[in-house]
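Here is a short report on one protein chain. Look at the model first, then read on.

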Amino acid sequence: MARRKVAGLNLETHGTHSPLAVSLGSRVSALRLIAGQTLTCLALRSGVTVSFLSKVETGQTAPSLGSCHKLARALGVTMAELFEGVEG
């Protein structure tokens, strides 16, 4: 099974709904709602597609470090805040 590291955490690069991807997706979704952004708004602001963002939020895919940085910036949080409480 291939793995990659994002912010020091191992993410599986295939398969769906890994515990880490689900935890990170839930965090992104929560931060988006706190920021009062729609899925479409965050996708546009971060430069990712709505489809990709939806898959991230549901744990179907794990974003790259670059995508995490884009999402954090669009949400107005640091990378540390993005990964706060993320477990897997």
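A residue is called buried when its relative accessible area is under 20%, exposed when that area is over 50%, and partly exposed in between (1.4 Å probe, protein chains only). This is a predicted model: local features need pLDDT of at least 70, side-chain atom pairs count only at pLDDT 80 or more, and totals for chains, interfaces and linings use all residues. Residues are numbered from 1 along each chain as its sequence is written, and side-chain values use heavy atoms, leaving out hydrogens and water.

**Overall layout**

The chain has five helices and two strands. Both terms refer to DSSP runs, numbered from the N terminus: helices are H or I with at least four residues, strands are E with at least two. Along the sequence the pattern reads β-β-α-α-α-α-α. The chain has 88 residues, and 36% of them count as buried.

| Residue | Class | Relative accessible area |
|---|---|---|
| Cys41 | partly exposed | 30% |
| Cys68 | buried | 0% |

How many disulfides does the structure hold? It holds zero. A disulfide here is a pair of cysteine sulfur atoms within 2.5 Å.

**Helix 3**

Helix 3 covers residues 50-57, and its buried residues are Leu53, Val56 and Glu57. Seen down the helix axis, these buried residues fall within an arc of 95 degrees, so they line one face of helix 3. The arc is taken from the directions from the helix axis to the C-beta atoms. An α-helix has 3.6 residues a turn, so residues three or four places apart point the same way.

What do the buried residues of helix 3 pack against? They pack against helix 1 (19-34), helix 2 (39-46) and helix 4 (65-75). Contact means heavy atoms within 4.5 Å. After helix 3 comes Gly59, with a positive phi near 75 degrees.

**The core**

A nonpolar core is a set of buried Ala, Val, Leu, Ile, Met, Phe, Trp, Tyr and Cys residues joined through side-chain atoms within 4.5 Å. The largest one has 17 residues. Those with the most contacts inside it are Leu24, Val28, Leu42, Leu53, Leu82 and Phe83. Helix 1, helix 2, helix 3 and helix 4 each supply at least two residues of this core. Helix 4 gives the largest share, five residues.

Take Val28. Not counting residues up to four places away in sequence, Val28 touches Leu42, Leu53, Val56, Glu57, Leu75 and Leu82.
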